[in-house]
Amino acid sequence: MATDTFTLLKVPPPAELVGLVLDIALYRESSGKPIRQVETASLVVPLLIGFSDPFEIALGRPPTAQDGYHSFTSGLCLTPVNIASAGACSCLEFTLTPLGARRFFGVPMSELTEQMVHLDQLGDRSLDSLRQQLGNEESWDRRLAIAEAFILGRMRAGTPSSGAIRWAYERIVASGGGISVAELTTSLDWSRKHLAARFHEEVGLPPKAVARISRFMRAQSLARARTESGWADIAAGCGYADQAHLARDFREFAGTTPSAWVAGT
C-alpha cells in the first residue's frame with residue numbers, strides 16, 4: 001500500500017507461525033509533515049525496529065518530545081496508544097499475539113504489561129544484531145526475508161505457552177469475549193486465582209480483561225462492516241449489557257465515542 005503520506009508493505013507469517021505472529025510489515029513515511037495516530041487497545045504485541053527518526057508514543061495520553069522511541073516493544077494495555085511522528089519515520093514491525101510474544105521474548109508477559117520498552121532495555125544481543133543487519137540493508141525485500149528467517153528461527157527455539165493457557169486464550173478470542181471465567185475454570189479444574197495468575201504471566205492480563213478487549217474488538221469489526229442497524233444492535237450482538245456499556249469501553253479502550261471512532265477509521 002502506498003499513499004502520498006506513507007508506504008506500507010505487509011506480508012503474512014510463515015504457516016507454522018499462525019497463531020503466534022499476525023504479520024511482518026515495513027513502513028516508511030514520506031510526507032515530511034507531522035502525523036498523528038491512535039491505536040486502540042487490542043490483543044497484539046508490537047515489536048518495532050526503526051531505521052530513521054523516532055516515533056513519539058505514549059499510553060493513554062498525548063506523547064511529548066520525551067517519549068521518543070526508535071526500536072521498542074509494548075505489552076498489552078487497557079488504554080489507547082497515542083503516536084506522533086514528524087513524517088519521516090521508517091521501520092520494520094513484527095505484530096505478535098500475546099502467546100507469540102511470550103515465546104519470542106522468553107520473559108513473563110507481565111513484565112511488559114502497560115509499558116513501552118526500548119529494545120536496548122531487554123539486553124537481547126540477537127535483537128541488537130538484527131536491528132543492525134536490517135539497518136544496513138537497503139532492499140525492502142531483503143529486509144523482509146531477513147526478518148522472516150529471524151523470527152522463524154527464534155520461535156522454533158522458544159518455549160511454547162502451556163497447553164491449558166493456550167486453550168483458554170483461544171476460547172476467549174474465538175467467543176469474542178463471550179465465554180465466562182467460570183466456564184474456563186470449570187473446564188480446567190482450576191481456581192479463579194490460579195487462572196488469573198497464569199494468564200498474568202503468559203498473556204499479560206487476567207482472563208476477564210482479555211475477554212473485555214476481545215469483545216471490544218468484535219464490536220469494532222461489526223462497526224467497520226456496517227452489518228448491524230445501529231450501536232444498540234452491535235452492543236447486544238457482542239454481549240454488552242446495553243449501549244451505554246459499549247460506549248464506556250470505547251472511551252476506555254479508544255479514548256473516544258463509538259461514533260467518533262467510526263468517523264476516524
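Modeller: Two strands are said to pair if DSSP finds at least two bridges between them. The model discussed here is predicted.

Colleague: How do you know that strand S5 and strand S6 pair?

Modeller: Strand S5 (residues 55-59) and strand S6 (residues 68-69) are joined by 2 bridges in the antiparallel sense. The rule asks for at least two bridges, so S5 and S6 count as paired. Glutamate 56 has glycine 68 of S6 opposite.

Colleague: Over how many bridges do S5 and strand S8 pair?

Modeller: S5 and strand S8 (residues 81-85) pair over 4 bridges, in the antiparallel sense. Here alanine 58 stands opposite asparagine 82 in S8.

Colleague: Which strands form the open sheet, and in what order?

Modeller: The open sheet has 6 strands in the order S1-S2-S9-S4-S7-S10, with antiparallel pairing. From one strand to the next, the twist averages 20°. Strand S4 (residues 45-50) and strand S7 (residues 72-74) pair over 2 bridges, and leucine 47 has threonine 73 in S7 as its bridge partner.

Colleague: What makes S1 and S10 stand at the edges?

Modeller: Strand S1 (6-11) and strand S10 (116-118) each have a single partner strand, so one side of each lacks a neighbour in the sheet.

Colleague: Which helices lie across strands of the sheet?

Modeller: Helix H2 (residues 125-136) lies across S4 and strand S9 (90-96), at about 50° to S4. Helix H3 (residues 140-157) lies across S1, strand S2 (21-29) and S9, at about 150° to S2.

Colleague: Why is H8 called roughly perpendicular to H9?

Modeller: Helix H8 (residues 231-238) and helix H9 (residues 243-253) pack at an angle of about 85°, with axes 8 Å apart. The term covers 65 to 115 degrees, so H8 is roughly perpendicular to H9. Trp231, Ala232, Ile234 and Ala235 of H8 meet Gln243, Leu246 and Phe250 of H9. By class, this contact has 6 nonpolar, 1 polar and no charged residues.

Colleague: What makes H7 and H9 roughly perpendicular to each other?

Modeller: Their axes cross at roughly 100° and come within 11 Å. That angle also falls in the range 65 to 115 degrees, and therefore H7 and H9 are roughly perpendicular. The H7 residues in the contact include Phe216 and Ala219, and those of H9 include Leu246 and Phe250. The residues divide into 6 nonpolar, 2 polar and 4 charged.

Colleague: Why does alanine 219 count as buried?

Modeller: Buried means under 20% relative accessible area. Alanine 219 has 0% relative accessibility, so alanine 219 is buried. This residue is in helix H7 (residues 207-225). Leaving aside neighbours within four places in sequence, alanine 219 is in contact with Ile234, Cys238, Tyr240, Leu246 and Phe250. Its C-alpha atom is 6.3 Å from that of cysteine 238, a residue 19 residues apart along the chain.

Colleague: Is cysteine 238 buried or exposed?

Modeller: Cysteine 238 has 7% relative accessibility, which is under the 20% limit, so cysteine 238 is buried.

Colleague: How do you know that cysteine 77 is in no disulfide?

Modeller: A disulfide needs two cysteine sulfur atoms within 2.5 Å. The count by this rule is 0 disulfides. For cysteine 77, the nearest cysteine sulfur, that of cysteine 91, is 18 Å away, so cysteine 77 is in no disulfide.

Colleague: Why is cysteine 77 called buried?

Modeller: The relative accessible area of cysteine 77 is 5%, which is under 20%, so the term applies.

Key
Residues are numbered from 1 along each chain as its sequence is written. This is a predicted model: local features need pLDDT of at least 70, side-chain atom pairs count only at pLDDT 80 or more; totals for chains, interfaces and linings use all residues. Side-chain values use heavy atoms; hydrogens and water are left out. Buried means under 20% relative accessible area, exposed over 50%, partly exposed in between (1.4 Å probe, protein chains only). Contact means heavy atoms within 4.5 Å. Axes are lines fitted to C-alpha atoms, for helices over the stretch in contact, and angles run from 0 to 180 degrees between N-to-C directions. Angles under 35 degrees count as roughly parallel, over 145 as roughly antiparallel, 65 to 115 as roughly perpendicular and the rest as oblique. Ala, Val, Leu, Ile, Met, Phe, Trp, Tyr, Cys and Pro count as nonpolar, Asp, Glu, Lys and Arg as charged, and the others, Gly among them, as polar.
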